[in-house]
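Here are my notes for anyone opening this one for the first time. Have a look at the structure, then read on.

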Amino acid sequence: MECKEVQELIPEFLRGELTKNQINDVSAHLNTCNDCYNELQNWDELFDELRSLVNYTHKPEKDIVTLAKGKTSITPWIVGSVGVGVLLAAGGALLWKKR
């Protein structure tokens, strides 16, 4: 396998979404290619950061969270907005690091 092909498969490799043959091919390539192994580590760090966002819980003051007679919470919007911001920042950092 060539580097470009392996690097395109790394996210699926980390999520366990490849076939057995693809896993074997990618693993064999990663054992011999430092560039692709470094790319694997970058993706793994990004996935770790994303997993930490999923586990993030924040409980703002009740009067800030509650709208429309206490039935609509803005917490998902706040957490979602923060998550999107972190994803964009992490993706930008990875792209910047490659240059």
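The points below cover the core and then the salt bridges.

1. A quick word on ground rules: this is a predicted model, where local features need pLDDT of at least 70, side-chain atom pairs count only at pLDDT 80 or more, and totals for chains, interfaces and linings use all residues. Residues are numbered from 1 along each chain as its sequence is written, and side-chain values use heavy atoms, with hydrogens and water left out.

2. Nine residues make it up: Val6, Leu9, Ile10, Leu18, Val26, Leu30, Cys33, Cys36 and Leu40. Helices here are DSSP runs (H or I, at least four residues), numbered from the N terminus.

3. Now the charges: there are three salt bridges, each a side-chain nitrogen of Lys or Arg within 4 Å of a carboxyl oxygen of Asp or Glu. Glu12, Arg15 and Glu17 are linked in a network. Arg15 pairs with Glu12 at 3.9 Å and with Glu17 at 3.1 Å, taking the closest N and O atoms.

4. Arg51 and Asp48 also form a salt bridge, at 2.4 Å from N to O. Both sit in helix H3, three residues apart, about one turn of the helix. Arg51 counts as partly exposed because its relative accessibility is 43% (buried is under 20%, exposed over 50%, partly exposed in between; 1.4 Å probe, protein chains only).

Notes:
Core = buried A, V, L, I, M, F, W, Y, C linked by side-chain atoms within 4.5 Å. Helix = DSSP H or I, 4+ residues; strand = E, 2+ residues; numbered from the N terminus.
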